[in-house]
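Hi,

Here is the structure I said I would pass on. Have a look at it first, then read my notes below.

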2 protein chains.
Amino acid sequence: MKVVNQVLPALLLICASSIISPAPAQVPTTVAAPSQLQLMPIPASVQLQSGRLPITDAFSIVTRGYADDRLRGSIARMTRRLAGRTVITLPFDLAADESSATLVVQCERGGSSVPSLNEDESYSLEVTDKQARLVAPTIVGAMRGLETFLQLVQGDRNGYYLPAVRIQDQPRFAWRGLLIDTGRHYQPPEVLKRNLDAMAAVKLNVFHWHLTEDQGFRVESKKFPKLHLMGSDGLYYTQDQVREIIAYAADRGIRVLPEFDIPGHSTSWLVGYPELGSAPGPFKIERGAGIFEPALDPTRDQTYKFLDAFLGEMAALFPDAYMHIGGDENEGKQWDRNPRIQAFMKEKGIKDNHALQAYFNQQVLKILQKHGKKMIGWEEILHPDLPKDAVIHSWRGPASLAEAAKKGYNGILSAGYYIDLMFPASQHYLADPLPANSALTAEEAKHVMGGEATMWGEWVSPETIDSRIWPRTAAIAERLWSPRTVVDVEDMYRRLTVISRQLEELGLTHERNYPVMLRRLANSENTEPLRTLVSVAEPVKEYHRYQMRPQTMLSPLTGLVDAARPDSDEARRFAAMVEGFLSDAPRYRLNRSDLRESFTSWRDAGTALGPMIDRAPALQEARPLATNLSDVAIAGLEAIEYLSTGNAASSEWRVAQLAKLDEAAKPKAALELVIIPSVRKLVIAAAEPPRSQ
Amino acid sequence: MKVVNQVLPALLLICASSIISPAPAQVPTTVAAPSQLQLMPIPASVQLQSGRLPITDAFSIVTRGYADDRLRGSIARMTRRLAGRTVITLPFDLAADESSATLVVQCERGGSSVPSLNEDESYSLEVTDKQARLVAPTIVGAMRGLETFLQLVQGDRNGYYLPAVRIQDQPRFAWRGLLIDTGRHYQPPEVLKRNLDAMAAVKLNVFHWHLTEDQGFRVESKKFPKLHLMGSDGLYYTQDQVREIIAYAADRGIRVLPEFDIPGHSTSWLVGYPELGSAPGPFKIERGAGIFEPALDPTRDQTYKFLDAFLGEMAALFPDAYMHIGGDENEGKQWDRNPRIQAFMKEKGIKDNHALQAYFNQQVLKILQKHGKKMIGWEEILHPDLPKDAVIHSWRGPASLAEAAKKGYNGILSAGYYIDLMFPASQHYLADPLPANSALTAEEAKHVMGGEATMWGEWVSPETIDSRIWPRTAAIAERLWSPRTVVDVEDMYRRLTVISRQLEELGLTHERNYPVMLRRLANSENTEPLRTLVSVAEPVKEYHRYQMRPQTMLSPLTGLVDAARPDSDEARRFAAMVEGFLSDAPRYRLNRSDLRESFTSWRDAGTALGPMIDRAPALQEARPLATNLSDVAIAGLEAIEYLSTGNAASSEWRVAQLAKLDEAAKPKAALELVIIPSVRKLVIAAAEPPRSQ
């Protein structure tokens, strides 16, 4: 499933407009997090009170009302994280005495035992200087509140505490998901588990498990064992492991939505069962990236018998009410070339491949219904015959979601949330499933159920995947949970830094693997110049990586582009410094010495990288980047000298510098130096006639 | 199992003497690794040749002779690591053509399917500029050689390559183990797996799985489920998981030796089965650290019936020929107080608790023999009635091992390898199971089978355990594999740094979790001053941590002492600089500017830590250390000024500085500043009359 590139700018326009639109009257005015707080997602309503609740070794928790193992497990995990963070030995068992308890957790009922779309996830949390009280109608609501409780913990000279606060909270959207594509690259169960922990920490509630792809069939089928045995290189989830993941997710109030992508994206199915294909075969597991031709044959009864048995087996394995059947990117080339399929279409009056796929979907729908599942598929499945309880998964943008909603279909959005495309968190943050300028009626708007971040798996390994998902997905989680008017990007980044660190408590590796990868690349403990370079570089956006640096699914994902991260803090910090510098008077020039220091460290790093690259062949591809970094730094240093003296640079200088920057701006090793736009501003400003003081 | 403190210095004396003893004539002269190589453990024989074998994307491997899934799995894993390190897409499948293959792996036979003590682990590896050829009698030998192959890979401007070399290798000792105590703190299967990978990387071959303790019973018993259900807080290994770990270890040529520690160390058994105890109970899982009273009742038939059934179940689960029955540290206090036990002893003529435990061991021995297992236990089990195929596990030192050997018992050494005691790698490295000055005859010496590093689990969590085991255990692995004459500590550290980095490829977290822990403690991305402090601090040695900073098994292991590591690189580097400085003439003074830089950074870090500690209550306990660090740094700065000018400091100054250093040398927060001995040298030297130039 790929986003069409040209859709993105349009989407951004829509979203950007929502920033400046005034908040509708019905939105509470307390949606912005008070700056002392570091909550993410921001609750629906937060009222800071005076006072604080200390966290000491006298800490205790009691439950009131309904309680079960799921709740007790959540409390125990929360307590363990609190203990880890504060280094205080906290009690292992629940307390009995309500009046002396630090935290009272009060649930009305259990809620559904299998997490469901309709679960009430609301909660209220009141913290006074005596006690915190978390009240929720369901266990899942209490889980959400426990995460907020933990996010409220702060510390100062007097110890750890929670500020007194009143929170009333519930999600804006009921469907808040993360897709992990385990088809293209297998991810071991522990990777999924730690990501489920992270999802729960930011209140996401759907793990969309993309289980089958051209490059791998990842789930054990007892009925058709050749699916996983021949389609996975041995890298698949046993049914026991699947059950364990589902239970792990349920313990965190997270639904597990399995996806079996058909009729396209199905090469790995055909390795063991070529008779299902629309071409004769044999088939091999696909090792490349892209869109491939193999597709199930939609014209044969045998195909549906197989799907009935297989999807029936999966329907029993996965308890969620929904099953995702993919349905995307089938170009039908094998159908075009198969005379029997062509004859079938003629006979049935099926006019084109889209109609043939609609026919296929109709048959699959009946199978799902037989097995008690509702269908969800990528937006290609939208068709007049589609029943109204099917869900449309939009990858083209909110417009197609709105179109489906007008027709009465529920839908979720993934356009704008393609985290594999390496865009910054700010961009995802402003994509809204239901933008302020939406033309939908209130009734139609109810069909927009939420969205999902999509971690497509071409270029992620167990070592790197967390760094592609986090922390950016926390910003998406906030978009899907918090009121629409929560759109302050700067404040989002402030809180994202904190949340990112807290995710590390759960074992997430998005930060910790970074220095490991640099050490391996440098074959040295001393990685400082390399780190300096990579801190201002980002992997190229969209799908350019594959074009620039072709690899297969068997290639090691240990290169510099794999170590680099998609949303450079350093570049953002630098851009802000440049803005400050340029807006100040020449003789004062805010941030001048900091900028000089940055440029100097870049220039020196560029130089120091030379011998480092000589010793580490894996870094060869970084050599031109090292030169570029020095060049950019020197241009920057010269620019700030001009701008500090108030003497304008010559236009020759300007032209020469901009040419250097243009050269440096060309991606190399599938990386781009993301500081260049800011340096360009300095160079242009340096050659402008001085402003009057 | 605890080492008796006063034994250590004696052990060190013995070992230190082995450094200066001349190499016996039969030892090959090529045992030292050529300095271009980074092998660990050093092979029995290495001869560098001229030429190099390039590693390119044309890389391929063929097998000749015997091959099986175990071998193919090892080759695939090695290839994946090689690809990861070089960022080259290497072929997924074995090649067919021998002449063009980069590496030929030639095995004679499979060897035993369950790794055994008698396995032939030898191999030879010849690398020319055309091809590498690994020849081994068994698959396990080939695995050892594949690790050496990978350690030979180097890189320069011309790319990756192996130097041409001839290696003939086999282990000095057949038993080379690592004990992981999962009783006191549970370690999830993935922790064990990554440590098994690391063990294989340094050619260790026994995973000693300490499964039961006062603080936890960690293995599922289907016959006696109350053992794990009531004795583990739910933190136990299912039998499926045990089988998976055993298979994982076998795939890496590693034996799994289970330990069920009886009759002492057994509180967790008695929680579910108090009738086995020597006191009436009830019993609770022990939360403290130390030696506890509960012990199995050795006088009742019921005890042995239980053990027969339980150990029989375990004997079927664990395929290794040996079973470890612990047997240590039972002080018999419950026996002393139990009139029925006292009467039993009188009746049977059992004169003391040691004899009663010998009686117990005799019964257990019969049970093990019945189930086809050989017995191994801590040295307390040594007794005239012990059969000669039992193995003595020494924790008191090589002397007791030698004593057992003289009596004809096989034995292994753990004294000197207690990695939980936080001693530096150099100390463990020089402990030798069979020291040069051993008085054993050649025949007796054969009874010394090897040794085991012991990772006792009081103060390790899944987050910290790797940093306690690695990299130091690689030095122990070398001691147990390489010729006795390999004792160059400086060269060991040179190679240890490289191996440590390579272990990270396997997912080991000994380095990567360190900055994570500092960030959490500081509650900030900026941890620089904290890192500066911790880089020159080590956890207190031996058992002082618990005395200084009492905790329970339920306490979070996230404090500064948990983040700190046992063998400060920085302190070692600093000590070497000081030696160089002091041995040089005042006017030149080698390392002067580096020393000044170190002292300045320490002084400034001490100052910067103040406000950082204010914001992070978890760091409160570090406050006096911060002050000490500044004090020490200032003393050092003053000392090098005196020493550089050639003017002697006053004795008042000297006395004042030494008093400051004494104060700073007192451990705080269970940490000690390990740079102080070197600073003390500077201070003393600064007040000495100048040497004549």
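Predicted model: local features only at pLDDT ≥ 70, side-chain atom pairs only at ≥ 80, totals over all residues.

One term before we start: two strands pair if DSSP finds at least two bridges between them. Helices (H or I, at least four residues) and strands (E, at least two) are themselves DSSP runs, numbered from the N terminus.

Residues are numbered from 1 along each chain as its sequence is written, and chains are lettered from A and ligands numbered from 1 in the order in which they are written.

**Strands in chain A**

In β17(A), Glu452(A) is the bridge partner of Gly177(A). That bridge belongs to the pairing of β8 (residues 175-181) of chain A with β17(A), which is parallel and has 6 bridges. Strand β16 (residues 410-413) of chain A also runs parallel to β17(A), joined by 3 bridges, and here Ile412(A) has Gly450(A) as its partner. Why is β17(A) described as largely enclosed by the rest of the structure? Because 8 of the 8 residues in this strand (448-455) are buried. A residue is buried if 20 or more other C-beta atoms, placed from the backbone, lie within 10 Å of its own, exposed if 12 or fewer, and partly exposed in between.

Strand β12 (residues 255-259) of chain A is mostly covered as well, with 5 of its 5 residues buried. Arg255(A), Leu257(A) and Glu259(A) point one way, while Val256(A) and Pro258(A) point the other.

**Chain A as a whole**

Zooming out, chain A has 26 helices and 19 strands. Its C-alpha trace spans about 80 × 70 × 50 Å along the principal axes.

Chain A is divided into domain 1 (45-169), domain 2 (175-397 + 406-487) and domain 3 (513-686), with bounds that come from an automatic or database domain assignment. From domain 1 to domain 3 of chain A, the C-alpha centres lie 45 Å apart.

**The cores and a covered helix**

In soluble globular proteins, nonpolar side chains tend to be buried together. A nonpolar core here is a set of buried Ala, Val, Leu, Ile, Met, Phe, Trp, Tyr and Cys residues joined through C-beta atoms within 7 Å. The largest has 207 residues, and Leu533(A), Val632(A) and Leu134(B) touch the most other members. Helix α24 (residues 623-645) of chain A gives the largest share of this core, 10 residues. Apart from it lies another core of 204 residues, including Phe207(A) and Val578(B).

Leu533(A) is one of the buried residues of α19(A). That helix (residues 528-535) is mostly covered, as 6 of its 8 residues are buried.

**Where the chains meet**

Which residues count as touching? Two residues are in contact if their C-beta atoms, placed from the backbone, lie within 7 Å. The contact between the chains takes 37 residues from chain A and 37 residues from chain B. On the side of chain A that touches chain B, α18(A) gives the most, with 5 residues. That side divides into 11 nonpolar, 13 polar and 13 charged residues. Ala, Val, Leu, Ile, Met, Phe, Trp, Tyr, Cys and Pro count as nonpolar, Asp, Glu, Lys and Arg as charged, and the others, Gly among them, as polar.

**Loops to look at**

In chain B, the loop between α1 and β1 holds Pro41(B), and the peptide bond from Met40(B) to Pro41(B) is cis, with omega near 0°. Gln36(B) is in the loop between α1 (7-20) and β1 (45-55) of chain B, and is exposed, with 9 other C-beta atoms within 10 Å.

In chain A, His265(A) is in the loop between β12 and α7 (267-272). Its phi is near 50°, a positive value in a residue other than glycine, and with 29 C-beta neighbours inside 10 Å His265(A) counts as buried.

Cheers
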